[in-house]
Every structure is written in C-alpha cells, then in structure tokens.
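Morning, everyone. I have one structure for you today, and I'll keep it short.

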Amino acid sequence: MNTYQTEQLETLRLVRQELAVCGAEDLLQLKTKITEYLAFRTQVAAFLKTHFQSICTDKCYQNRLSACCSKDGIITFFADVVVNVLASGLEELAQMERTILAPANDFKCIYLTAEGCRWRIKPIVCEFFLCDEAENKVFGHDAQARKCWEEFSALKKTFNWPDRTVLFETIEHEFMARGCRSPLMYLHNSPGLVRIRRRREERHKQ
Ligand code: SF4
Ligand code: SF4
C-alpha cells in the first residue's frame, strides 16, 4: 500500500472504531450536526443530475473513462470520512476498506470500482469538480444554471472554509478532543487553512 492508501485506510478505521464506541447521545448529536450538510449535498446532487448527468454519461461513464476520477490522490477531508461513515451501512464500509486495500486499477482513483465510486457521500472536492468541457457545455447556454452553481460553491465554503467556524472544523475538533489524530484533519494540519483560522481568531480578538 502506498502512503495515500495507508492514510485513507487508517482514517476510515479510526472513524469507524470511534463511532462504534461513542454513546447513543453523542452519536445522535453528531448526526444532527450533519443534517444541514446532507440536505445541501442532496440539493447539489439533484442539480448535477439535472444538468450534467447526460453529458457525463456520454463522455465518461459509457466508455468507463471517468476522467474526473483519474488521479489516485484526491483530497478527502476528515469530515468527508465521518459524514460518509455516518451515512453508510456496515457492509458498505467493509467493502470500502477492501477497495482501499485492493484498488480496481492503477491509473484511476483508488475508490473507483466497476460499480462506480465507493463512497455513499463522495468527498466534497469530487462533488464540486466539473471539467471545463462539461462546464462550457452547460453553463455556456444556461446563465441561470451557472448562477445556481456559483451559489452552491459559495454555500460549500460555509461548511469547509475556515474563515468562520465551519462544520468540517468542528468535526475535526470533536474527534481531536477524543484523542483521535489523522493526517486528513486538514483544517488543523494544512498550513494554508491553519493560517485562515488564525486570521479569523485574531479578528475576533480585536
Ligand atoms: S465532469 Fe467532465 S470529466 Fe467529469 S464525468 Fe463529467 S464529463 Fe467526465
Ligand atoms: S472518490 Fe469517488 S468521485 Fe472522487 S475521484 Fe475517487 S472514485 Fe471519483
């Protein structure tokens, strides 16, 4: 396994173990916390289905090109993993572990299988990636759809961009308080994102 696979597998296992021993009340609180985010993701998925499904099916899915999923190093946030574990069944998660351990092919994302992406709620970076060709095809003649996508993109930041206290940060923080550590805790590990958090904290002190 390469470093990426190791980090992905260890984080998935850590989250699964932690949620398995967390009390019913804590679990309910966590599920309540992600409700708004899941509703947002449902809206985004519906938008993508309406505007992009036929293009993506023609260009990528029918011929299994899956150009969005070519790299094996897609960024997954710690909160992506937590949300997905909370939304998935035990067998799905066991399958996910097996997929990380033995990816289907060497040139695509490790999570891409013959049945599609292994995530139930795929990483936010993946959900918001659109290739230029698909974007131009849809937004070139539909200004309303472009505007809607820009609004979704702005809304996305309210969940994962730490110029304010955001869900992705809160989730990391809560797991850290339980003693968990993961390289995928980018809101606490990535120098760029940490800088944004520090600036925010300094603003609050003034
Ligand atoms: S966004 Fe572009 S690269 Fe991704 S699946 Fe659609 S057509 Fe393919
Ligand atoms: S995680 Fe899923 S959607 Fe994202 S690149 Fe991998 S297979 Fe594609």
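First, a definition: helices here are DSSP runs of H or I with at least four residues, and strands are runs of E with at least two. Keep in mind that this is a predicted model.

On that basis, the protein chain has 11 helices and two strands.

Now the overall dimensions. The C-alpha trace spans about 45 × 45 × 30 Å along its principal axes. The radius of gyration is 18 Å. A compact globule of 206 residues would come out near 17 Å, so the chain agrees with that.

Next, packing. Of the 206 residues, 40% are buried. Take the contacts in the chain with a separation of 6 or more: 75% of them join residues 24 or more positions apart.

The accessible area is about 11700 Å². Carbon and sulfur atoms hold 53% of that.

Charges next. There are 29 positive side chains and 27 negative ones. How far apart do the centres of the two sets lie? The answer is 2 Å.

You'll find Arg197 in helix α11, which covers residues 191-205. Is Arg197 buried or exposed? Its relative accessibility is 13%. The cut-off for buried is under 20%, so Arg197 counts as buried. What does Arg197 touch, leaving out residues up to four places away in sequence? Pro162, Glu169, Leu187 and His188.

Note on methods
Residues are numbered from 1 along each chain as its sequence is written. Chains are lettered from A and ligands numbered from 1 in the order in which they are written. This is a predicted model: local features need pLDDT of at least 70, side-chain atom pairs count only at pLDDT 80 or more; totals for chains, interfaces and linings use all residues. Side-chain values use heavy atoms; hydrogens and water are left out. The radius of gyration is taken over C-alpha atoms; the globule rule is 2.2 Å times the number of residues to the power 0.38. Buried means under 20% relative accessible area, exposed over 50%, partly exposed in between (1.4 Å probe, protein chains only). Contact means heavy atoms within 4.5 Å. Accessible areas come from the Shrake-Rupley method with a 1.4 Å probe; for residues, only the protein chains shown count as cover. Lys and Arg count as positive and Asp and Glu as negative; His and the chain ends are not counted. The place of a charge is taken as NZ of Lys, CZ of Arg, CG of Asp or CD of Glu.
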